[in-house]
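Subject: Structure for your review

Dear colleague,

Please find the sequence and structure below. A summary of what was found in the structure follows.

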Amino acid sequence: MSSSTFGRRPFLLGTGLSLGALLVLPTAAARAGGGKVAIPLAKLEVLKSVGGSIALKVKDKLLLLVRDSAASVRAFNPVCTHRQCVVAFSANDRKIKCPCHGSQFDLDGHVVHGPASRPLETYAAELAGEQVIVTL
Ligand code: FES
């Protein structure tokens with residue numbers, strides 16, 4: 001698959017997968033104004049359950065979305081602040097973990113275990129009906 005195939009479409013990364021295993025999200029997220037992007041929950045089945053998470057690329061930005069409660073979702077830049085590996089959410093202990101050197105982050109993006117010393121970048125995110133709204 002050429003890089004031009006990806007174009008401006010959002011991509012699923014499948015939590016824990018490398019960037020080399022990108023999958024295409026079948027429909028594009030829509031701009032919701034004010035830097036906001038609306039992603040239909042129907043396209044993010046895994047986020048319908050608390051503890052679900054998914055990594056994807058929207059509008060040229062990587063996102064890790066985590067369903068942290070029945071009423072909320074959180075969004076992160078999944079690029080580890082240590083040496084730029086892609087992190088994944090662990091529902092068992094509700095931490096975001098880096099597979100490369102073991103850094104761990106809480107659901108506010110704060111470092112709870114190094115070697116990373118800087119927090120993950122976070123984005124405002126909310127559930128609005130059947131959509132996830134992320135402010136990029
Ligand atoms: S790249 Fe994440 S801990 Fe090193």
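An open sheet is formed by four strands in the order 8-9-10-11, with antiparallel pairing. Strand 8 (88-90) and strand 11 (111-113) are its edge strands, each pairing on one side only. Strands here are DSSP runs (E, at least two residues) and helices are likewise DSSP runs (H or I, at least four), numbered from the N terminus; two strands count as paired if DSSP finds at least two bridges between them. Strand 10 (residues 104-105) is joined to strand 11 by two bridges, and the two run antiparallel. Within this pair, Gln 104 stands opposite His 113.

This is a predicted model, in which local features need pLDDT of at least 70 and side-chain atom pairs count only at pLDDT 80 or more, while totals for chains, interfaces and linings use all residues. Residues are numbered from 1 along each chain as its sequence is written.

Strand 13 (residues 131-135) has pairings with strand 4 and with strand 12. With strand 4 the pairing is antiparallel over five bridges, and Lys 36 has Thr 135 as its bridge partner. Strand 12 is also joined to strand 13 by five bridges, again antiparallel, with Leu 127 opposite Val 132. The hairpin of strand 12 and strand 13 has two residues between the strands, and Gly 129 in that hairpin takes a positive phi near 65°. Strand 12 pairs with strand 7 as well, in the antiparallel sense over two bridges; there, Phe 76 has Thr 122 as its bridge partner.

A residue is termed buried if 20 or more other C-beta atoms lie within 10 Å of its own, exposed if 12 or fewer, and partly exposed in between, with C-beta atoms placed from the backbone.

A nonpolar core is a set of buried Ala, Val, Leu, Ile, Met, Phe, Trp, Tyr and Cys residues joined through C-beta atoms within 7 Å. The largest one has 27 residues, of which Leu 63, Leu 64, Leu 65, Ala 75, Val 87, Val 132 and Val 134 touch the most other members. Two or more residues of this core come from each of strand 4, strand 5, strand 6, strand 7 (72-76), strand 8 and strand 13. Beyond four places in sequence, Leu 64 touches Ser 53, Ala 55, Phe 76, Pro 78, Val 87 and Phe 89, contact being defined as C-beta atoms, placed from the backbone, within 7 Å.

**Backbone points to note**

Most residues other than glycine have a negative phi, and most peptide bonds are trans. Asp 60, in the loop between strand 5 (53-58) and strand 6 (61-69), has a positive phi near 70°. Asp 60 counts as exposed because 10 C-beta neighbours lie inside 10 Å. Arg 94, in the loop between strand 8 and strand 9 (95-97), has a positive phi of about 55°. The peptide bond from Gly 114 to Pro 115 is cis, with omega near 20°, and Pro 115 is in the loop between strand 11 and strand 12 (122-128).

**Confidence**

The protein chain has a mean pLDDT (the predictor's confidence in each residue, from 0 to 100) of 81, and 75% of its residues reach 70 or more. Confidence is lowest in helix 1 (residues 3-6), at a mean of 34, and highest in strand 10, at 98. Over residues 1-28, pLDDT stays under 50.

Yours sincerely

Note on methods: Contact = placed C-beta atoms within 7 Å.
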